[in-house]
Amino acid sequence: MFFEVFLSILRGMVALDKKKYVKTKFSKVTRRYDLVNTLGSLGVDHWWRYLCIRELKAYPGPILDLCAGTLTLSKEIVRQRPRPVVALDITYEMLSYGKLRLARHPALSFIFPVVGDAEKLPFSANQFWGASVAFGIRNLADPEKGLKEVLRTLKPGGKFVILEFSRPTLPGFSHLYRLYLNKFMPLLGGNLTGDREAYEYLADSIEKFPAPEEFSLLMKNCGFKKVKYFQLSFGIVTIYTGLKP
C-alpha cells in the first residue's frame, strides 16, 4: 500500500516537472516558433494542418483546439469552415502572440483563447462537436488524462483529430530523418530562437512517443470508437481520429 502511494506521488512530481518545463520552453521560443516549424518542414507543415482539419470539416462549432499555441491550427479550422473555436494552451505567451499576429485577420472573431491545462479542461461535459491538437499530445505529462478529458467534453458523436510527429520506418530514410531531427533541428531552432535545448527536447519527445499502433490502442482504451490513423510524408507525421460513442 505504501509503495503504491509512493509511486503515485512520484508520478505526480514527474508530471508537474514536465508541465513546468514545457511551459517555460514554449514561452521562450514563442516569436520564432512558427518560423522554425515552416523552415524545418520546408513548408509542408501547412499541408499537414490542412489534412488534419479536413477531418473536422463536417462538424459545426464549437470546436476545441488543444495546445493551440500561436493559434495556427485554430486559424485553419475557421478558414475551412467559419465556426466558434475555443483555443486552449497552458502558455499565456503563445496565445497572446497568436492574438497579436491575427489582430487584423477575420478569423480572430471566431477564436476564443483560454489559458488552461489540457489534462484538466475547464469545460463542462458534452460541450464540443469536435476537438483537435497539432504537435501537442506528446507534450502532455499524461496523454491518457488528456484523451479522457477530451472524451468527456465532446458531445456524443463528436470527433477528435490528432496531428503528431512519428518515427519513419522506411529503411535508409529513417536514418536520415533521425540525423535531421537530432542534428539539424537543434541547430536551426537554436540559432533562430536562442534555445537549442528546446529543440533537443523535440527530438527526445518524438523518440519516446508511442508508435501509431500503440497510441491508437490507447485511444480505444480511453473510450474512443472507430479509431483510425494514417501517416504522411513517409511517416514523419501521423493523423489519428476517433469518435465519442
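Because the model is predicted, local features need pLDDT of at least 70 and side-chain atom pairs count only at pLDDT 80 or more, while totals for chains, interfaces and linings use all residues. Residues are numbered from 1 along each chain as its sequence is written, and side-chain values use heavy atoms, with hydrogens and water left out.

**Confidence and overall make-up**

- Over residues 2-14 the pLDDT stays under 50, and for this stretch the model has zero contacts beyond four places in sequence, a contact meaning heavy atoms within 4.5 Å.
- Where pLDDT is low, the predicted coordinates should not be read in detail.
- The chain has nine helices and seven strands; helices (H or I, at least four residues) and strands (E, at least two) are DSSP runs, numbered from the N terminus.
- Of the 245 residues in the chain, 49% are buried, where buried means under 20% relative accessible area, exposed over 50%, and partly exposed in between, with a 1.4 Å probe and protein chains only.
- The accessible surface of the chain comes to about 12300 Å², and 61% of this surface belongs to carbon and sulfur atoms, the areas coming from the Shrake-Rupley method with a 1.4 Å probe, and for residues only the protein chains shown count as cover.
- Among contacts between residues at least 6 apart in sequence, 72% join residues at least 24 apart.

**The sheet**

- Seven strands form an open sheet with mixed pairing, in the order β3-β2-β1-β4-β5-β7-β6, and two strands are taken to pair if DSSP finds at least two bridges between them.
- The edge strands of this sheet are β3 and β6 (225-232), each of which pairs on one side only.
- From one strand to the next, the twist averages 15°.
- The helix α3 lies across β4, β5 (154-165), β6 and β7 (237-243), and runs at about 165° to β5; axes are lines fitted to C-alpha atoms, for helices over the stretch in contact, and angles run from 0 to 180 degrees between N-to-C directions.

**Strand β1 and its neighbours**

- On one side, β1 is joined by three bridges to strand β2 (residues 85-89), and the two run parallel, with I63 standing opposite V85 in β2.
- Four bridges join β1 to β4, again in parallel, and here I63 stands opposite G130 in β4.
- From β1, I63 and D65 point one way whereas L64 and L66 point the other way, and all are buried.
- The chain crosses from β1 through helix α4 (residues 72-80) to β2 in a right-handed β-α-β crossover, meaning that, with the strands pointing away from the viewer, the path from the first strand over the helix to the second runs clockwise.

**Backbone features in the loops**

- The peptide bond from G61 to P62 is cis, with omega near 5°, and P62 lies in the loop between α3 (44-54) and β1 (63-66).
- N126, in the loop between β3 (111-115) and β4 (128-134), has a positive phi of about 55° although it is not a glycine, and N126 counts as partly exposed because its relative accessibility is 39%.
- F135, in the loop between β4 and α6 (143-153), also has a positive phi of about 55° without being a glycine, but F135 counts as buried because its relative accessibility is 7%.

Notes. pLDDT is the predictor's confidence in each residue, from 0 to 100.
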